[in-house]
Amino acid sequence: MGLKEWDIEVITDLFNERDQALILGTPLSSRQEEDIRYWHKEGNSHYSVESAFRLIQELQGAWVSSVNSGFCRSLWNLKIPPKVKNFLWRVCSGYLPTKIALKMKHVPVSVICPLCNRYEETTLHCLVKCGFTQWCFKEVGVVTNVDNSTIFVGWLEMLMGQHTNSMISRIGMLLWSIWKVRNMVVWQDTYLHVDEVVRTIHLTLDQWIEAQEFFFVPSVNGLHTMDGKELWTKPDQQTIKINLDAALFDADNSFGYGFNARDHTSRLIDARAVCQRGRTSAELAEAIAFKEALSWIKVKQ
Ligand SMILES: [Zn+2]
């Protein structure tokens with residue numbers, strides 16, 4: 001302290017030869033100031049686990065600076081469901097909990113890909129290189145072009161330069177679906193066929209886009225018929241209208257149904273939504289929704 005020179009004894013004790021050379025080669029300040037600890041990955045000089053994690057990801061090539069660039073903005077501007085955007089952002093930020101990522105965090109798991117049971121499960125393997133994933137891309141008509149130096153973010157950025165936004169949206173849906181299928185294999189021991197995955201992504205995206213284009217009038221005024229589409233209208237005075245629907249989620253081996261009740265001012269009186277395990281037909285799921293709605297009416301009378 002105060003001598004303006006390195007304490008060689010301490011440096012020799014604490015660091016390996018490489019680091020000793022780097023430290024001793026660092027010029028010292030000409031001013032006499034007390035030493036402080038400084039973490040250069042945070043603006044306030046304080047160490048944080050988050051910034052250290054980012055640094056490790058960056059060093060391992062899982063995170064690149066372009067995540068915050070125009071590439072990232074292009075991702076957020078895609079016309080895809082928010083949950084898919086969020087998934088893509090997590091993947092590009094290196095937050096996907098693949099087997100390799102878990103192992104790095106000292107979670108005692110096998111690192112083998114659950115989809116092919118052959119290779120280590122990295123983000124790039126699971127979402128691009130795995131045999132199952134490759135079949136899905138082939139079915140969608142996308143050439144993946146990967147080699148040993150490819151990293152996921154760079155690969156996705158390259159695809160965005162080669163395809164239309166519409167195709168990139170479908171690729172985004174596919175990546176999200178592949179991770180979903182992978183989780184089904186891990187947690188439910190359930191496998192899906194490539195055809196089923198690809199058909200589902202097209203159907204889900206088309207329905208979502210159609211739903212976004214659906215004309216919506218604030219509930220105060222009710223909904224009115226437009227462009228030939230069937231829309232909700234308010235019930236008569238002193239009358240309650242109940243709308244119900246059901247949906248099948250074969251991939252998750254479950255189905256759901258729900259209903260809502262509104263009065264003549266379109267005010268919401270009550271609503272129910274239920275998700276149940278098991279497979280059933282659309283007719284039966286709708287019938288269960290009817291039964292639940294009738295039970296609600298009986299209780300309210
Ligand atoms: Zn695999």
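Predicted model: local features only at pLDDT ≥ 70, side-chain atom pairs only at ≥ 80, totals over all residues.
A residue counts as buried when its relative accessible area is under 20%. By this cut-off Arg-170 is buried, because its relative accessible area is 16%.

Arg-170 takes part in a salt bridge. Its side chain meets that of Asp-206, with an N to O distance of 2.8 Å. The two residues belong to distant parts of the chain: Arg-170 sits in helix H10 (residues 165-188), Asp-206 in helix H11 (residues 194-213), and 36 residues separate them. Asp-206 is partly exposed, at 39% relative accessibility.

The whole structure holds 6 salt bridges. Among them is the pair Asp-263 and Arg-267, whose closest N and O atoms are 3.2 Å apart. Asp-263 is buried, with a relative accessible area of 11%. Another pair is Arg-272 and Asp-270, where the closest N and O atoms are 3.2 Å apart. Arg-272 is partly exposed at 42% relative accessibility, whereas Asp-270 counts as buried at 17%.

Cys-116 is partly exposed, at 22% relative accessibility. Cys-130 is buried, with a relative accessible area of 0%.

Helix H8 has a buried side. The buried residues of H8 are Phe-132, Thr-133, Cys-136, Phe-137 and Val-140. These residues cover an arc of only 135° around the axis, so they fall on the same side of H8. In an α-helix there are 3.6 residues a turn, so residues three or four places apart point the same way. The face of H8 turned away from the buried side carries the exposed residues Trp-135 and Lys-138.

A nonpolar patch was found on the surface. Trp-6, Ile-8, Leu-24 and Leu-28 form this patch, and together they have about 350 Å² of accessible area. Ile-8 lies in helix H1 (residues 8-14). Ile-8 counts as exposed because its relative accessible area is 51%.

Notes:
Residues numbered from 1 in each chain as written. Heavy atoms only, no water. Buried < 20%, exposed > 50% of the residue type's maximum accessible area, 1.4 Å probe, protein only. Patch = residues over 30% accessible without salt bridge, like charges linked within 9 Å, V, L, I, M, F, W, Y side chains within 5 Å. Areas by Shrake-Rupley, 256 points an atom, 1.4 Å probe, with all protein chains shown as cover. Salt bridge = Lys/Arg side-chain N within 4 Å of Asp/Glu carboxyl O. Helix = DSSP H or I, 4+ residues; strand = E, 2+ residues; numbered from the N terminus. Arc of directions from axis to C-beta.
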